[in-house]
Amino acid sequence: MADQKPRIVIVGAGFGGVKAAKLFAKQDVNVTIIDRHNFQLFQPLLYQVSTAVLSTDEIAYPIRTFFRKNNNVEFFMAKAQGVDQARKVVKTNHGEIPYDYLILSAGATTNFFGMKSVEENSYGMKTLQEALHIRNHVLHMFERANKSKDPEERRRMLTFVVVGGGPTGIEESGALSELIEIQKKEFHHLDFSEVSVKLIEATPNVLPMVAPNLREHAVKVLRHKGVDVMLSTQVVDYDGKDLKLKDGSAIPTNTVIWAAGVKAVPFIADCGGEVDRGGRIIVNEKLQVEGSENVFAIGDCAHFQHGTERPLPTVAPVAMQEAQIAFNNIMRLIRGDKNLEDFHYKDLGAMATIGRGEAVVDKTKINPQMTGFIAWCAWMFVHLLRLAGAHANFTVALKWTWNFFSGTRLGRIITNIQP
């Protein structure tokens, strides 16, 4: 009898995928979640792992733990490789998974805009492994520079460049500048006048989703922290030693952290639907993939542009709101109701932290705009609410509080030394 229940397959265990699975877990259906990792990653806090504020278990939560009391939910650890809509199967590197209804929630990856050399030599920040690579690399640079006798080599090692003026770039560059302040206290013979953090943005503005005055505030705070903010500056190449800019100049550096754009994971292009230039699969007002009644797409991999000037942004509130409507519509289809709901996004505002005690918040229900300590507290509260598990809530809140008062970052551990 269990095999006769509708089979719901969800590809991707991000915010949207887990939200949808939790909703279906309460219904008389069978749910299979497919993901190449066995954990849900809280991507907005990856930058804090990369700068030694938090540890991995505080921003990652085992997928199976979400559903330990739901016998109708199964996790299938595999890499999704495509969808055969005619046969109603998801193809993976561990076989095919049949479905009656499918939700694509596979997320996004870093967009290097076709610059292969940049992709090969810079650091993305979309996965836990990438954040750990950044942390290990940055700490290594200080250790190696401390031993180097060559001033030019030292400056290259101690120049840290973040490309992209969105929330990730702002947060990463601010956190890096604070990490450097801690290093100053412990590297007694290193000349910190040789250390620099640069933030590069191709457009004239950072944080395009907030008001102009908040953008100016963010830039002012970053510059006060010692970050060299370079606006209207475009990267064209990077060979691992010199970052080349469109104006012909170059920045000698061993560290380029790429936060300049995202695109859908390549798997989405093989799901039987039309994709946009960023690889996101195009959906209709009901969140169905064009041309298919039983395949839905949500979150970062979905291109939804109905009544909006641009496709909806790749942020958690979009994915979670879409998960609810995808669930509602699939349950209607199961009941034989063809009258499906349209999706209407409710913008909950935008926020970004710039470091300890500093953030910008725009257009929330609480206040139209906030900056400084109050905005930082609001940012902390919202992010704590979205973390999975009481353990993470407690330890992260404790670490943030301790870090605010002391600046200590005990996560400065290099873990990639070969045995």
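# A tour of the predicted chain

Select His383 to begin: this residue is buried, with a relative accessible area of 7%. Buried stands for under 20% relative accessible area, exposed for over 50%, and partly exposed for what lies in between, with a 1.4 Å probe and protein chains only. This is a predicted model, in which local features need pLDDT of at least 70 and side-chain atom pairs count only at pLDDT 80 or more, while totals for chains, interfaces and linings use all residues. Residues are numbered from 1 along each chain as its sequence is written, and side-chain values use heavy atoms, with hydrogens and water left out.

## Around His383

His383 belongs to helix H10, residues 372–386. Helices (H or I, at least four residues) and strands (E, at least two) are DSSP runs, numbered from the N terminus. Now show the contacts of His383, where contact means heavy atoms within 4.5 Å. Apart from neighbours within four places in sequence, His383 is in contact with Phe42, Pro44, Leu45, Met351 and Trp400.

## The whole chain

Along the principal axes, the C-alpha atoms fill a box of roughly 70 × 50 × 40 Å.

Of the 419 residues, 53% count as buried. Among contacts with a separation of 6 or more, 63% come from residues 24 or more positions apart.

## Strand E9 and its partners

Select strand E9, residues 101–104. Tyr101 and Ile103 point one way from this strand, Leu102 and Leu104 point the other way, and all are buried. Two strands pair if DSSP finds at least two bridges between them. Ile10 has Ile103 in E9 as its bridge partner.

## Val265

Move to Val265, in the loop between strand E18 (262–264) and strand E19 (281–282). Is this residue buried or exposed? At 19% relative accessibility, Val265 counts as buried. Leaving aside neighbours within four places in sequence, Val265 is in contact with Ala106, Gly107, Ala108 and Thr109. Its C-alpha atom is separated by 30 Å from that of Val360, 95 residues apart along the chain.

Strand E22 (residues 350–355) runs antiparallel to E23, and five bridges join them. Thr353 has Ala359 in E23 as its bridge partner. The hairpin of E22 and E23 has two residues between the strands, and Gly357 in it takes a positive phi near 75 degrees.

On to strand E24 (residues 369–371), which pairs with E23 in the antiparallel sense over three bridges. Val360 stands opposite Thr371 in E24.

## Two residues with positive phi

Most residues other than glycine have a negative phi. Select Lys88, where phi is near 55 degrees, a positive value in a residue other than glycine. Lys88 sits in the loop between strand E6 (80–84) and strand E7 (89–92) and, at 35% relative accessibility, counts as partly exposed.

Phe113 also has a positive phi, near 55 degrees. Find Phe113 in the loop between strand E10 (108–110) and helix H4 (116–121).

Last, select strand E12 (residues 196–200), where four of the five residues are buried. Strand E11 (residues 159–163) runs parallel to E12 and is joined to it by five bridges. In this pair, Thr159 stands opposite Ser196 in E12.

Glu194 lies in the loop between helix H7 (167–186) and E12. At 8% relative accessibility, Glu194 counts as buried. What does Glu194 touch, not counting residues up to four places away in sequence? Glu194 touches Arg154, Arg155 and Leu158. The C-alpha atoms of Glu194 and Ser173 are separated by 17 Å, with the two residues 21 apart along the chain.
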